[in-house]
Amino acid sequence: MSDASDYIEARIPVWPTVAVVLGSGLGAFADTLTEPAVIPYNEIPGWPQSTAIGHAGKVVVGLLDGMPVAALSGRVHLYEGYTAKQVAFGIQTLGLLDVVSIVLTNAAGGVNPDYKPGQLVLISDHINLLGQNPLTGPNDENLGPRFPDMSEAYLKRYREIAREAGKDMGMDLAQGVYAAVPGPNYETPAEIRYLRTIGADLVGMSTVPETIAANHMGLKVLGISCVTNPAAGVTDKKLDHKEVLETGERVKDSMIELLRRVLPRLQQ
Ligand code: HPA
């Protein structure tokens, strides 16, 4: 991890304090950063390579309206065969680079029947159903405590900032609980009913290992889901990854605009 952060540090002209992880179909944000240093994941020592369609696989450090930002374009998932520890590697590397705020974006299924495809939802909390944890094993005391607190894993203040930014764009951003499942299959309708019963509004296959690792290091987290589809059984329609990507594509401009408005406000 420190090899990775040393490698990145040697190649970036500015020090970002804010980082954003871009989920499926949302990589376009990284291309809007100016004066970018682009570092492909496959050049960085120890960095796991992403294989999913729609995930480019590079760290971009550049300026957003003059503010240094790090963007992780593409992430790895448990369903690719990676462990939660490998999934969290990027976040821990950014934490070592003195990033203090992390924005995690993802595509999610709407478990809450009120959610419409294309809607952006702020993650208020999560349920880890991955059966794995990035902090399993000996604790690295340099990163954080053995038993980290998770009682405000997604900072309330950041959600308020994001809601304000959404309001400025004419969006009333809902907040919901994200359940992380390993995938790669989409859920059964019975699984979705179960998730709704235990309090989930959103379901997806990412984000939770990153949030756990970030909280472990004392980083502040904002999570934003793009609801790409009603979850299984919410409507009669079958689920299709192509549609997930298409919906991500359709709303990417509003996600990018929201990020542009939110990121500068997280510094305070
Ligand atoms: N389930 C799990 N992950 C997802 C979904 C879904 O319905 N949509 C996008 N990511």
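**Close-up views of the predicted model**

**View A. Asp-65 lies in the loop that links β3 (58-64) to β4 (67-73).** The structure shown is a predicted model. Most residues other than glycine have a negative phi. Asp-65, which is not a glycine, has a positive phi, near 50°. With a relative accessible area of 63%, Asp-65 counts as exposed, because the cut-off for that class is over 50%.

**View B. Thr-207 is found in the loop between β8 (202-204) and α5 (208-216).** Phi of Thr-207 is also positive, near 70°, in a residue other than glycine. The relative accessibility of Thr-207 is 0%, so this residue is classed as buried, the limit being under 20%.

**View C. A cis peptide bond joins Gly-183 to Pro-184.** Omega of this bond is near 0°, whereas most peptide bonds are trans. Pro-184 belongs to the loop between β7 (174-180) and α4 (189-197).

**View D. Strand β5 (residues 101-110) is mostly covered.** Of the 10 residues in β5, nine are buried. Strand β1 (residues 18-22) runs parallel to β5 and is joined to it by four bridges; within this pairing, Val-18 has Ser-101 of β5 as its bridge partner.

**View E. β5 pairs with strand β9 (residues 220-230) in the parallel sense.** This pairing extends over 10 bridges. Leu-104 has Gly-223 in β9 as its bridge partner.

**View F. β5 pairs with β8 in the antiparallel sense.** Two bridges make up this pairing. Gly-109 is placed opposite Val-203 of β8.

How values were computed:
Residues are numbered from 1 along each chain as its sequence is written. This is a predicted model: local features need pLDDT of at least 70, side-chain atom pairs count only at pLDDT 80 or more; totals for chains, interfaces and linings use all residues. Side-chain values use heavy atoms; hydrogens and water are left out. Buried means under 20% relative accessible area, exposed over 50%, partly exposed in between (1.4 Å probe, protein chains only). Two strands pair if DSSP finds at least two bridges between them.
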